[in-house]
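Hi,

Here is the structure I promised to pass on.

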Amino acid sequence: MSLSEPAASASSDVETSFRTCPLCEATCGLSIEHRDGVVTRIRGDRDDVFSKGFLCPKGTVLGKFHEDPDRLRTPLIKRDGVHQPASWEEAFTAIADGLVPALDATERDGGAIYLGNPVVHSLDLLLYSPAITMAMGSKKVFSASTVDQRPRELASGLIYGSSFTIPVPDIDRTSTLLLIGANPMVSNGSLATAPDWPGRINALLDRGGSLIVVDPAHTKTAEKATTHLAPIPGSDALLLAAIATELTATGQHRPVDEDRDALETVVAGLEAFTPDSVAAATGLDAAAIRDVATQLAAAERPCVYARLGTTITPFGTTASWLVDIVNALLGALDAPGGAMFAKNPAGSKNTRGLGPFGKEQTLGRRKTQASGMPIELGEHPVAAMAEEIESGNITALVTVAGNPVLSCPDSHRLDAALEGLAFMVSLDCYLNETTRHANVILPSPSHLQKAHFDVAFGNLAIRNVANYSAPIFPLDDNGLAEWDVAARLASVLGGGAGTAQAAAAVDDAIADRLVRAALDSPQCPEGLSEDQIRVAVGNGHGPERLLDLMLRSGPFGDWFGTSDGLSLEALIEQPHGIDLGALKPRIPEVLMTPSGRPEFAHPSLMGDLGRLASLLDGPTDGLRLINRRTLRSNNSWMHNLEILVKGKPRCTMLMHPSDAKTRGLKNGDFATVSSSVGSVEIAVELDDSLRAGVVSIPHGWGHGVEGTALTVAGRNAGVNVNVLTPTAAIDPLSGTSQLTGFEVEVAPS
Ligand code: SF4
């Protein structure tokens, strides 16, 4: 079988192909039946080694997306304010004539790139987007990571020496799971790749385990909880600090010996945060906090996992750190059933046994030009994008698979700022709220037209798994592969031509880097030559060769035929994936820190405790807005699929009946919601399970804008919650905006 041939089995004229769902982090295996280029049915792949048949409603729509008439199939160039179809040659010429001079006018300093969430779900974009960034010659990189997960990555960078080294809950073996600010029954997990969270939570409960959920809303996950605490939004760091002090004050902690000194330093710094002292600021009873600490301490295999609700607050980095502190105090960090580290089969720095690094990770070395927001892990915070454009610090922009106008804070301001750019290029599948500002749009093919392998989620999986999916359908007429588009764009931005040969040269350069990385790896077998590697992987262009290089030089690799192990060919032979086993303890091998141990008492983290103490004064009385996920929605980009948006409107504001009553609102009324930066009108849905004083609006909506081409989404527009999100309130360590728990006013419309 050739590398690009679909993995399919024939059954009369219907073919069945198996592939990993690329839509969310759960990475479910799909069984896709198709005939004559049309998907006839999608089901969960029961033989998938990881998901075993599970899928959610979104996974069934890949065929609908492929067929969506609004999906872009040809490049668009904006002429006289209107996007018009163009050839690839015209598109790349327009970029060479427009974007390149705009970049050169500022000696490349005015260029910026925004990488959207789907980039990490695309093998092509993950491998080739860095070439675009490099070719732009600008250090202004924005990504969806700074919308909601940078605090977790930053905490990992400081503690473990790498932002990719993120502990994940070993949910299949834990006995007591504390979930904070996460709703995996609906979201299917984030920064923790586990297909079938519902089944895994049920299994935890069936084996007599406990599920403690901390969330201001009584979510679907909270419905499963054996204990549910509904704190004031944004107070999770206080709660975690109090659990840590309670564990030590009562002698219930059991850290591993090597970390005892560092953890004692941390606990000494947490002295002010006790269940009693944080009770008012968290809105929780001190006794309830003590009970959670006792449940965790009594558990045979406890585990703490926190997600979005904790990271989109002004204390996101500190909360993420404190999650690891509590796990470490419980002896649950890097222990089976606790919070463990995946071993990514391909492309991860933390699997190469690089060992301790001499240099401590520090914060605050770079700041944004306009207002001095922190630039950490090489990226500008999205909160800074509008002001950097307004200030003239960014004059040219490339967006890749992103819709920041809907997903970033203070959206109306960003929407207006984009009009002021000298030139903008988007690589995207839709003419949406963001790409409507682009001078040129380069279309991506559908998921079924490209190969898939989850390079990023191998870092976050709760089991070590590898699964490759070949393209099922050919490219559209005159279509280009996504990697080819990205590589041609990189070539043009670097002053080259947007041709197939130029793309091949970009591809070869990436392959050269991977060959060198393999040869430099401490695990490279003695005597393995560059020629042997090149012969083993061949010279075909595209992502498969690069993936083969990464797999074969990875921790489970066959080292180019010198041993048994993973290769692309081995994966192709196993269309349901290869299970590489349960997670195993990886400290210290996973660490890249100066001490060779986790830097639990990192000065930048300890230094934030004074600011955290200011929260103890307690919250103000206003209504607080929180975010929510719905099962049939995935950020902003799946609302053009009728099957997912039909039925009862999902973009409503949940409100406690007591809050509605004091404002003269009833179920179904329209309310005006205002913040310091904007206002929206939205239907009210009463929900007595929500904490009083909290309202909830989902994100990713706000369609129906002039200049877009999203027929179905336009009919189901909803409102953009990020119109309300202020950019001024950020986590000062990571620059992440406060997207939850900020004050709003609500009045009848
Ligand atoms: S849970 Fe995620 S990966 Fe699984 S089918 Fe749904 S969208 Fe796809």
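Which residues are around the ligand? Before the list, one caution: this is a predicted model. The residues around the ligand are Cys21, Leu23, Cys24, Ala26, Thr27 and Cys28, then Leu55, Cys56, Lys58 and Gly59, and lastly Asn188 and Pro195. By type, that shell comes out as eight nonpolar residues, three polar and one charged.

Besides being one of the residues around the ligand, Asn188 has a positive phi of about 65°, although it is not a glycine. You'll find Asn188 in the loop between helix 6 and helix 7 (197–206). Is Asn188 buried or exposed? Asn188 is buried, because 29 other C-beta atoms lie within 10 Å, and 20 or more is what it takes to be called buried.

One more backbone item: the peptide bond joining Ile587 and Pro588 is cis, with omega at about 15°. Pro588 sits in the loop between strand 21 (578–582) and helix 23 (603–606).

Now the domains. The chain is divided into domain 1 (150–340 + 593–612) and domain 2 (620–748). Taken over C-alpha atoms, the centres of domain 1 and domain 2 are 27 Å apart. The contact takes 22 residues from domain 1 and 21 residues from domain 2. On the side of domain 1 that touches domain 2, at least two residues each come from helix 5 (150–160), helix 6 (184–187), helix 13 (308–311) and helix 14 (316–329). Helix 5 gives the largest share of that side, three residues. In terms of type, the side of domain 1 that touches domain 2 has ten nonpolar residues, ten polar and two charged.

Leu178 lies in strand 10 (residues 176–180) and counts as buried because it has 32 C-beta neighbours inside 10 Å. Leaving out residues up to four places away in sequence, Leu178 touches Ile212, Val292, Leu296 and Val304. Val213 is 35 residues from Leu178 in sequence, yet their C-alpha atoms are 6.0 Å apart in space.

Leu330 belongs to the loop between helix 14 and strand 14 (339–340), and with 28 C-beta neighbours inside 10 Å it counts as buried. From Leu330 to Ala244 is 86 residues in sequence and 9.1 Å in space, C-alpha to C-alpha.

What about helix 11 (residues 275–282): which of its residues are buried? They are Pro275, Val278, Ala279, Ala281 and Thr282. Helix 9 (236–249) and helix 12 (286–298) are among what covers them. In an α-helix there are 3.6 residues a turn, so residues three or four places apart point the same way. Just after helix 11, Gly283 takes a positive phi of about 75°.

Elsewhere, how do helix 3 (residues 123–136) and helix 21 (residues 543–552) pack, and at what angle? The angle is about 85°, with the axes 10 Å apart. That makes helix 3 roughly perpendicular to helix 21, since anything from 65 to 115 degrees counts as such. From helix 3, Leu123, Asp124 and Leu127 meet Pro543, Leu546 and Leu547 of helix 21. The contact of helix 3 with helix 21 is made of five nonpolar residues, no polar ones and one charged.

Lastly, Ala536 in helix 20 (residues 530–537). Ala536 counts as partly exposed, because it has 18 C-beta neighbours inside 10 Å. Setting aside neighbours within four places in sequence, Ala536 is in contact with Arg552, Phe560 and Gly561. Thr395 is 141 residues away along the chain, and the C-alpha atoms of Thr395 and Ala536 are separated by 44 Å.

Cheers

Definitions and conventions
Residues numbered from 1 in each chain as written. Predicted model: local features only at pLDDT ≥ 70, side-chain atom pairs only at ≥ 80, totals over all residues. Buried ≥ 20, exposed ≤ 12 C-beta atoms within 10 Å, placed from the backbone. Helix = DSSP H or I, 4+ residues; strand = E, 2+ residues; numbered from the N terminus. Contact = placed C-beta atoms within 7 Å. Near = placed C-beta within 6 Å. Nonpolar A, V, L, I, M, F, W, Y, C, P; charged D, E, K, R; others polar. Domains from an automatic or database assignment. Axes fitted to C-alpha atoms, helices over the stretch in contact; angles between N-to-C directions. Parallel < 35°, antiparallel > 145°, perpendicular 65-115°, else oblique.
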